Each structure stands twice: as structure tokens, then as C-alpha cells.
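Student: I'm new to this one. Could you walk me through it with a few questions and answers?

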Amino acid sequence: MPSASLVFQSVVLGVLLGGLYALLAAGLTLYFGVMRVVMIAHSAFLILAAYLAWYAHRETGIDPLLTLFVTVPLFFAAGVAMQRLLLTRLRPATLTMMSVLLTFSVALVIEGLLGYVFSGTQRRIRLGYSSSSIEFFGARVAVVKLIAFGMAALALLGLYVLMKHSRFGQALRATIQHREAAQLLGIDTDRIAGYGFGLGLATAAVGGTALSLDTTIYPSLHWHWIGPLMAIIVVGGLGSVPGAAIAAMTLGMLQSLLQLELSTTWAQTVFYVALFVTLAVRPQGFFGGRLAQRF
Amino acid sequence: MSDADFPSELRSEFLLELDDIRAGYGRAALVLRGLTVRVPAGAIVCLVGPNGAGKSTVLKVASGLLTPRSGRILVDGEDVTGRGPQRMLAAGVAHVLQGHSVFREMTVAENVLLGGYTLRDKAVVAERVAFVRDLFPVVAERWTDLAGLLSGGQQKQVEFARSLMVSPRVVLLDEPSMGLDPKATGVVFEQIVRMRDAGTAVLLVEQNARRALEAADTGCVLDLGRVHVAGPAHELLADPQLGELYLGGRPVRR
């Protein structure tokens, strides 16, 4: 039986990890919400952003966090382009199914290009503050993990404020909830959907930079992320951002706790167990998720 | 009776005119085959007819969701054929869809304010909000509630309020009584009459033909994509043959 302090340490680490999961799952939820797109390439963009942060740091020595000023707008634009140029070409009747294939291939392309340009070598950013940590009620927490969590939390908060209080956010939520009705109110739903997709990809830029701070990266790493993320949005209820956040926190914490008793690989199965249980017991998801019932 | 029986001296007063419209979906056969409907200012015009007659399609053409293959659409005499929903809305045509079309996970307030999405002037928005809250008391009462939590009839009224934010000249209502119990249906029809009395013309599509014609000024009976009969609603209601064919059984004997 692990000691109480070790359990507490795991809970803290789980919360920190859950924050990153929550941000990334929010992105996935946006794609599905605005376009019924299952975005397999989300985590590939995550790793791409991490590589860009690592590369910029290696070449120029700048803090990886500064790459956000480039990667966030870049990913937003890439998201808009991807939606307008690729996804709108899919036939509406089979969009969701075909989007899996299309974004799967995008993920393979990104992985291949990363391997080609940067080789398959494992990479890690070494920063002045990489090894520093602080005491938090007896738990030792790496500063970089705190920074990563802070970025994820800020980005999520920003997303929330944008969705809830901006004119664009109102139009985006209306488009998600009833596209034809939104159109009839004068909302340019195609343009809004493009921006929504860009916003989703921007979360991958933030997440990837946060990830690069304390994780060893390699081109195929994205496969370790997409499974848990997909599980999170199903458990949370497809299309529900708060649902995704709650599921991300819960499962992130469980994963972290299970690592005490089980190996890292086995701990990750908690996502798939949760996925199966959800599909068997409550297929529309546990938190919110009316959208899933409709589609 | 036929389309030609619309009194010609009133022609300039038609707010919305669909003239000899042919329309359909994709490569499938035409749904509307030379349909003509005219909506005068300050009137409720009701389209009735069997399933598949093309009633909803008429509204989709009028709001720009569906571009007709041929024919003309006039709003207040101006040719607006081929415009999309945004520009139709700007011309003064608002469309309330069939079934539930509130944004369920947003509050009543957010729904209504989105109705004014295209309005830039905050003073106008405030004035319209006051107007619709006054016209639909339930909207004012449930202002901060999630729209999805309202009853079917209340949601319909939120949709009406949302559509009136831009001060449309014509409102298109697609089966507003669908799925409502008789009491809620009564309230919704009362509200439709109030909308007309407040100065908005209404083009109404209904399964519940008898109830709709009682509220309407003019009725049009659609069949096979054309207007079969058009005339004052009370005359249609009194016509025994129409009652038999289209209004679900015999008319009330007097």
C-alpha cells in the first residue's frame, strides 16, 4: 500500500496532467461540434507544435514558450485552411466516417515529415528551470509541470470566455447547436465553422508547447495521445466542452493513481476501460452531451 | 378559384411574391412545379395540403435556403431571386424552422439576442428586445433559463421572438404547432395573430389545416407542387369539397 504522501503526490500530478488533457480534449470537442469531424490528427499537430518549440529552442536558444506567438496563429490558419480546403469536400452524408480516414492520413503525413526532417531520435528540451521543483503540502512538483498546467488552464479559460462572451463565440455555439437556424439568423456558418476548426487546432499549439517542456518527444508519440483523448470526449459526452474537462481531470487523476500500483502502460488502460463502460452504460456520455444523442 | 383570382389592384401591396417557382432537391424530381403564392402586407397566408405537397419547400425557397430552378421571388416589388439566407434576411424575410430550432444549450436571452446578430446598433437591439419581451410574456419570464428546458410551446415562442428581432416584413412559419398539445397550439396561434397585428405579415405552413385556416386571412391549398386553390380562409373552410379532400373530413355543419 503506497503511503499517503505518495497518493497525494499522484493526485497533484494527475490534476496537472488532467489540465493538459482537458485543453486538448476541448479542441477535439470543437471539431466534432462544429463539423461532426473526428480529428485523428489532433495529437499529431500536438507533437508538431512540440517539435517546433524544441527546434526553435535548439536553433536560437529562445524559451520554448515564446514559440506560442508563432505557432498559435499558424495553427489557427492551418485549421481554417484544413476545414475550408479538405473537410468541406467530404460528402455531408458520410462526413464523420470519412473524416476519420482523412485526418488519419494527415496524421501519417505529419508523423512522416517529422521523421524525415528531424529523424526518429528522441528529443528533449533542457531548460535552466527543467529540474527545479517546489514543495506543495509535502508533494514535490516540477516547475515545468506547473507551467504546463498554467498554460492549459489559461487557454481553457480564454476559450470559455471567448465562447461565452464574444459575438464570435455566440455565433459558433449557435452553429454547433443548430446550424440551419443559425444560418437563418444571418450567421455565415461556413466561415464560423472554419474559425471553430482553427480554434481547435490552436489548442494543439498551446498543448504541444506545454508538452515540450517536460516530455521526451519522437515522431510517433502522437499515437499515445489520441486514444486517451478520444476516450475522454466520449466519456465526457461528444460536443460538451465542460464534460470533456471533467472527464479529463477525473481520468488523468485515475491514471496517475494507478501508476503507483501498475506499470505506466497498464495505467493507461483506465481510458479504454472508461470508454467501454461509457459505451455500455451511458453512450451519450456522463457529463452533458445532448449532441451525441442527436447524432 | 386559382392564383389569378388575387385582386389585381392589390398587387403592389404584396410584400412577398413567389412567382411561377420550380424547385427541387439535388437531381431528384421537382417538388414545386410552377407555384405562385402572394403574401399581402398585414396578412396571415396559410399553405395547407397533403404530405409531400411541397409546403416546407415553399418556405425554404422564400428564405433562400433553396435556390429555385426557375421563377421569381419579389420582396416588396424588388427581385431577390437567387439570394442566400443572409441577404433574404436583410431584405426582410425571417424563417422559423419546423420542429425545435432553439439553441438548446443557450439561455433564452442568448437565443433572442442572436436573433439580432446582424444588428449593429445597440439602441435598436435594446428596443427590439423590449418589443419581443412585451409581445411574448413567456420570453421575459424565462429570460435567463436554458432554452432547452422550456416546454415545446414556450420554445416556439422563443423562436418567434428570435425571428422578430430584425423587424422582418414577412415571417415564414413552418408547422408551428407540430408536437404541441392542444392548449399550447392555441397559445401559439394566438401569438401568430398578435405578430400579424404588430405589423408582420405571416406565411404559415400547417398540417393542422383547420386550426391554421381559422387564424389565417388567406388560404392556399397545395397539391403536387402547385397552388390548387387560393382564396379567403373562411371560404376555404366552408367549402365542403375542400374539407373532404384536404382538411381532414367534413366541415362543421351550420
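Predicted model: local features only at pLDDT ≥ 70, side-chain atom pairs only at ≥ 80, totals over all residues.

Student: What radius of gyration does chain B have, and what would a compact globule have?

Tutor: The C-alpha trace of chain B spans about 50 × 40 × 40 Å along its principal axes. A compact globule with 254 residues would have a radius of gyration near 18 Å, so chain B agrees with that, at 18 Å.

Student: Among contacts in chain B between residues at least 6 apart in sequence, what percentage join residues at least 24 apart?

Tutor: Here we count contacts in chain B between residues that are at least 6 apart in sequence. The share of these that join residues at least 24 apart is 68%.

Student: Which helices of chain B each supply at least two residues to the side that touches chain A?

Tutor: The contact takes 15 residues from chain A and 16 residues from chain B. By class, the chain B side has seven nonpolar, six polar and three charged residues. The helices that each supply at least two of its residues are helix 2 (85-91) and helix 3 (108-115) of chain B.

Student: Now chain A: how are helix 5 and helix 8 of chain A oriented to each other, roughly parallel or roughly antiparallel?

Tutor: Helix 5 (residues 143-165) and helix 8 (residues 189-214) of chain A have axes 8 Å apart and pack at an angle of about 170 degrees. Among the residues making the contact are A:Met151 and A:Ala155 of helix 5 of chain A, with A:Val206 and A:Ala210 of helix 8 of chain A. That contact has nine nonpolar, two polar and two charged residues. Angles over 145 count as roughly antiparallel, so helix 5 and helix 8 of chain A are roughly antiparallel.

Student: And what is the handedness of the crossing where helix 2 of chain A passes helix 9 of chain A?

Tutor: The axes of helix 2 (residues 42-60) and helix 9 (residues 222-236) of chain A come within 8 Å and cross at roughly 135 degrees, so these two helices are oblique to each other. Residues that meet here include A:Leu46 and A:Ile47 in helix 2 of chain A and A:Trp225 and A:Leu229 in helix 9 of chain A. By class, the contact of helix 2 with helix 9 of chain A has six nonpolar, three polar and no charged residues. The crossing is right-handed.

Terms used: Residues numbered from 1 in each chain as written. Chains lettered and ligands numbered in written order. Axes fitted to C-alpha atoms, helices over the stretch in contact; angles between N-to-C directions. Helix = DSSP H or I, 4+ residues; strand = E, 2+ residues; numbered from the N terminus. Parallel < 35°, antiparallel > 145°, perpendicular 65-115°, else oblique. Contact = placed C-beta atoms within 7 Å. Nonpolar A, V, L, I, M, F, W, Y, C, P; charged D, E, K, R; others polar. Rg over C-alpha atoms; globule rule 2.2 N^0.38 Å. Left-handed = near helix turned anticlockwise from the far one by under 90°.
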